[in-house]
Amino acid sequence: MNRIWFLFIGIIVLFTSCETKKIELAEGDWLAKLDVSPNEVLPFNFSLAKNEDGSYSMEMYNADEVVTVDEIEIWNDSIRIKMPIYEGFIAGTFSENEINGSFIKESLNRIVPFSAKHGKQDRFDQKTEPNINISGIWEVNFDVGTDNEYPAKGIFMQNDNVLKGTFRTKTGDYRYLDGIVSGDTLKLSTFDGAHAFLFTAKVSDSTLNGYFYSGNHSVEKFVGKRNEAFELPDANTLTFLKEGYDGFDFSFPNETGGMVSLSDPQFKDKVVLVQIMGTWCPNCLDETKFYVDYLNKNPDLDVEFVALAFEYAKTEEKAWNGIERLKNRVGVEYPILLAQYGTSDKQKANEKLPMLNHVLSYPTTIYIDKKGEVHKIHTGFNGPATGEKHEAFKKEFDETINLLTTASMETK
């Protein structure tokens with residue numbers, strides 16, 4: 001009888017231990033895939049590490065970019081990976097070596113199937129050796145054959161079959177793209193928590209013909225040709241004050257509900273930079289990080305920065321939560337005002353800022369001198385993925401700030 005009792009107890013203990021055994025995610029390298037169409041997947045590499053407190057963190061890789069993710073929630077076999085800054089998240093189930101679920105942007109009602117497997121794997125399969133080296137500058141047109149066709153500048157660096165680079169447009173760049181050339185086929189992708197971009201194309205020595213997938217909600221045809229001399233329009237000429245307006249102004253609420261305007265005392269007799277942006281926008285994040293770093297390196301700078309946030313979060317509360325998250329994560333100390341929520345539509349933004357010919361891009365920065373006059377308006381942002389263009393922007397920015405602040409000193 002005692003033997004049966006001990007056997008019964010042993011069985012209970014065995015089943016209890018099996019039921020309560022915690023699933024551990026494998027540490028190290030993983031390859032993830034987003035299903036952007038029935039026939040195409042967007043791959044990206046990441047690594048996973050378990051911290052001393054038992055939580056997990058990950059690093060996502062795109063060419064020279066490393067995106068750190070430190071908000072990973074696990075319960076039973078479920079997982080939720082919150083993207084840094086942005087509202088998007090990955091939710092699903094997992095085993096030791098696999099994760100299956102979706103990448104979700106709730107405010108935009110977008111869901112992209114997601115899967116990942118543990119193990120060191122190449123981002124793209126290399127089927128054949130490359131037939132061509134496409135390093136250099138390319139003149140590109142996206143959304144070909146539609147009323148929305150727009151130009152871009154392709155900047156590529158190829159080493160054997162490994163391809164890195166970006167596309168610059170009038171409104172900003174497509175950030176760090178990572179991929180390969182296999183035979184006569186180009187494949188590039190990036191996933192940074194906001195962008196989920198895949199580019200595929202057939203290539204020759206002088207032409208590109210391909211498709212650009214943005215998540216699983218948009219596909220654009222693009223074509224390109226080699227053109228080392230190609231340049232986009234000057235970013236300082238695209239947005240300007242409309243005829244009949246002699247200045248720029250705004251009036252939007254801060255986090256306490258108080259209305260802030262350019263005519264407020266804090267901006268009087270000051271050089272002011274007004275940043276039109278959104279917390280959902282990777283180019284805006286690049287620009288914000290640059291501004292924060294510049295201010296940290298120049299603590300005595302007599303310049304006021306203020307950001308106008310155009311948020312697609314569905315509620316005012318969620319919009320302010322996104323702004324607070326950005327400020328805390330990046331260390332933004334200048335005010336960010338809520339100009340709009342529920343949509344990031346540029347036409348709606350134009351209605352809020354009627355003195356501009358158009359809001360062409362998030363971000364856009366208006367430079368205002370101490371007399372309150374608009375010195376220039378810079379559309380878009382050349383982020384660090386653009387290499388030389390980013391360095392040129394930094395130099396131009398520093399020269400502009402020195403010019404405005406020196407003029408301010410001279411007129412006192």
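1. Two strands are taken to pair if DSSP finds at least two bridges between them, and the strands themselves, like the helices, are DSSP runs numbered from the N terminus (E, at least two residues, for strands; H or I, at least four, for helices). The model is a predicted one, in which local features need pLDDT of at least 70 and side-chain atom pairs count only at pLDDT 80 or more, whereas totals for chains, interfaces and linings use all residues. Residues are numbered from 1 along each chain as its sequence is written, and side-chain values use heavy atoms, with hydrogens and water left out.

2. On the overall architecture, the protein comprises five helices and 25 strands, and its C-alpha trace spans about 100 × 55 × 35 Å along the principal axes. Of the 412 residues, 49% count as buried, where buried means under 20% relative accessible area, exposed over 50%, and partly exposed in between, computed with a 1.4 Å probe on protein chains only. Taking a contact as heavy atoms within 4.5 Å, 56% of the contacts between residues at least 6 apart in sequence join residues at least 24 apart.

3. The pairing around strand 2 (residues 41-50) can be followed on both sides. Strand 2 is mostly covered, with seven of its ten residues buried. With strand 1 (residues 28-35) it pairs in the antiparallel sense over eight bridges, D35 standing opposite V41, and these two strands form a hairpin with five residues between them. With strand 3 (residues 56-62) strand 2 is joined by six bridges, again antiparallel; in this hairpin, which has five residues between the strands, G54 takes a positive phi near 95 degrees.

4. Which residues have the most contacts inside the largest nonpolar core? They are F248, F250, V274, L308, L353, Y362 and F397, in a core of 58 residues, a nonpolar core being a set of buried Ala, Val, Leu, Ile, Met, Phe, Trp, Tyr and Cys residues joined through side-chain atoms within 4.5 Å. At least two residues of this core are supplied by each of strand 21 (271-277), helix 2 (282-297), strand 22 (303-310), helix 3 (316-330), strand 23 (336-340), strand 24 (364-368) and helix 5 (388-410). Strand 22 gives the largest share, seven residues. A second, separate core of 32 residues includes Y56, I90, F124 and I180. In soluble globular proteins, nonpolar side chains tend to be buried together.

5. Leaving aside neighbours within four places in sequence, L308 is in contact with F248, F250, F252, V274, Q275, I276, M277, L337, A339 and L353.

6. Strand 21 deserves a separate look. Seven of its seven residues are buried, so strand 21 is largely enclosed by the rest of the structure. V271, L273, Q275 and M277 point one way from the strand, while V272, V274 and I276 point the other way. In a regular strand the side chains alternate between the two faces of the sheet. Seven bridges join strand 21 to strand 22, the two running parallel, and V271 has V303 as its bridge partner there. Five bridges join strand 21 to strand 24, in the antiparallel sense, with L273 standing opposite Y367.

7. Strand 21, helix 2 and strand 22 make a right-handed β-α-β unit; right-handed here means that, with the strands pointing away from the viewer, the path from the first strand over the helix to the second runs clockwise.

8. Two individual sites may be checked against the model. S261, in strand 20 (residues 259-261), is buried, with a relative accessible area of 13%, and its side chain makes a polar contact with the side chain of S251 at 3.1 Å (a polar contact is a pair of N or O atoms within 3.5 Å; within protein, one must be able to donate a hydrogen and the other to accept it, and residues adjacent in sequence count only if both atoms are side-chain atoms). M355, in the loop between helix 4 (346-352) and strand 24, is buried at 7% relative accessible area and, beyond four places in sequence, is in contact with F240, L241, K242, Y245, G247, F248 and D249.

9. On the cysteines, C281 counts as buried at 4% relative accessibility, and C284 is buried at 1%. A search of the whole structure finds zero disulfides, a disulfide being a pair of cysteine sulfur atoms within 2.5 Å.
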